[in-house]
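This report walks through one protein model for a reader who has not seen it before. It begins with a single helix and then widens to other parts of the chain.

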Amino acid sequence: MTALDIFNTEFTPQRLAEIFNERILHSSTVGKDGVHPLVFAENLNAGVQHISDKAHSGSYRFTTFKQKLVLKGHDKPPRQISVATVRDRVALRAVTNVLMSVFPDARILPAHYIVEEVAGLIAPRGDDFSFIQIDIKNFYPSVRHDELLRRLRTRIRHKPLLNLIMQAVGTPTSAGKEIRPNTIGIPQGLSISNVLSSIYMMKFDEFARSRFAYFRYVDDILIVCPTADAKRNFRLVRNRLAQIGLECHRLEDNTKTKIVPLSKGVDYLGFHLAPEVTSVRTSSYRRIIDKVMTVMTGVKYSGNHARILARLNLKITGCIFDGRRMGWMFFFSMTDDLKQLQRLDGFISKTWRRLGMEQFGTPKRFVKAYHEINFNLASSRYIPRFDEYSNDQKVDLIATMLDADRSVVANWAIERINRRFLQLIRKEVAELEKDITPIS
């Protein structure tokens, strides 16, 4: 199918309604216009017809994105996230679907696939090889629109589609009434952000892979090469990045841009990678300790101990939801350092006893979750599979999470049970995703 064929398929009112119902209806995110997904749903047919008509005519205009600032850490400026209106989110998801079909080679591999490949590559090597680790400065805000359009035109000729994409990246993000168009950069946080950034980097990726053992996850680049060639290779990469308007941090010790021997290892995508062992990096390890501690200390503010145990167990095991494996342990299941997991289990057990919570049950264990994920996932019942929950299981979970009378919940209409169940699970799953981000 051509880009035009895919565009015509994705932007029918029927398909746009499917996108809304599948991806947006159950969220609570609100953009600049203040319209909630449930309100948009009341006039869904008119809303998706408007998107379809305007997109096909090339006259669709996005509402200014709402600004959301996310803290990155001490002494670091916050990351600006763009939040679109419900209507715009539907349009953007449809555009994303088109781009993923037209540029299938721009798909970003899951981070753990990259980690697995790097770990296998370095295992038999010594210090005659080194890591080159490169962090691109202000990656998303530095993408040049003219370069992006040039890459899009290699496979897309349909002007309304190109116009829609460039309208999206040109829409300002503001906490106020900003109306000046965005002339450089890709807004972060939109469904199209990652695929557009990947399309932008495709030619560079092709160049780098033809010369080195090269890996990239968004703005984090890792190269494995002979130590004797490392500085020359770094200069080559730095200069090629500059040609497309991207700048990397200076090559210095104690920064994200560095050259180090394999035996020293590097922190990459949440792991510490070295030839002898793949382990969870220190900051990621501390992060999950903070997360489980926050859940457990909830006993000081809530009498719903069953809910606290359920949330703690979910932090430990993760879950399968919407066909996806979610959670910290799924992400870090490639670790070779089981002592880290044993220490986590010991910490949780000790804290649970100190809080006097043994009477309410025993928390699950990271080590057990690790073995279930790696050796018994197909038949495991240790890790919740929310996609397969029966109505009774949904009622049990709702009653536990809301501290409600089970018999009352059981008498709800099935539609209400399903809706409330999805709301609760989506909220918990969002927290699981936060547990492993940011990973850079």
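## Helix H15

The model is predicted. Helix H15 runs over residues 338–354, and its 17 residues should span 24 Å at 1.5 Å a residue. The C-alpha atoms at its ends are 24 Å apart, which agrees with that expectation. Seven positions can be listed as its buried set: Gln340, Leu341, Leu344, Asp345, Ile348, Thr351 and Trp352. These residues cover an arc of only 140° around the axis, so they lie on the same side of H15.

On the other side of H15, the exposed residues are Lys339, Lys350 and Arg354.

Is Asn313 buried or exposed? Its relative accessibility is 14%, so Asn313 counts as buried, the cut-off being under 20%. Leaving aside residues up to four places away in sequence, Asn313 touches Gly318, Pro363 and Lys364.

## Helix H17

Helix H17 covers residues 391–402. From the first C-alpha to the last, its 12 residues reach 16 Å, close to the 16 Å expected at 1.5 Å a residue. Within H17, the residues Lys394, Val395, Leu397, Ile398, Ala399 and Met401 are buried.

What do the buried residues of H17 pack against? Their partners are H13, helix H18 (406–410) and helix H19 (414–435). Following H17 is Asp403, whose phi is positive, near 55°.

## Cysteines

How many disulfides does the structure hold? The number is zero. Cys225 takes part in no disulfide, and the nearest cysteine sulfur to its own, that of Cys248, is 14 Å away. Seen from Cys248, the closest cysteine sulfur is in Cys225, and at 14 Å it is too far for a bond. In general, a disulfide is a covalent bond that joins the sulfur atoms of two cysteines.

Both residues can also be placed by their accessibility. Cys225 has a relative accessible area of 3% and is therefore buried. Cys248 counts as buried too, because its relative accessibility is 7%.

## The whole protein

The protein has 19 helices and 12 strands. Its C-alpha trace spans about 65 × 65 × 40 Å along the principal axes. For 440 residues, a compact globule would have a radius of gyration near 22 Å; the protein has 24 Å, which agrees.

Of the 440 residues, 48% count as buried. Among contacts with a separation of 6 or more, 72% are between residues 24 or more positions apart. The accessible surface comes to about 21,900 Å², and carbon and sulfur atoms account for 49% of that surface.

Key: Residues numbered from 1 in each chain as written. Predicted model: local features only at pLDDT ≥ 70, side-chain atom pairs only at ≥ 80, totals over all residues. Heavy atoms only, no water. Helix = DSSP H or I, 4+ residues; strand = E, 2+ residues; numbered from the N terminus. Expected span 1.5 Å × (residues − 1). Buried < 20%, exposed > 50% of the residue type's maximum accessible area, 1.4 Å probe, protein only. Arc of directions from axis to C-beta. Disulfide = S-S within 2.5 Å. Rg over C-alpha atoms; globule rule 2.2 N^0.38 Å. Contact = heavy atoms within 4.5 Å. Areas by Shrake-Rupley, 256 points an atom, 1.4 Å probe, with all protein chains shown as cover.
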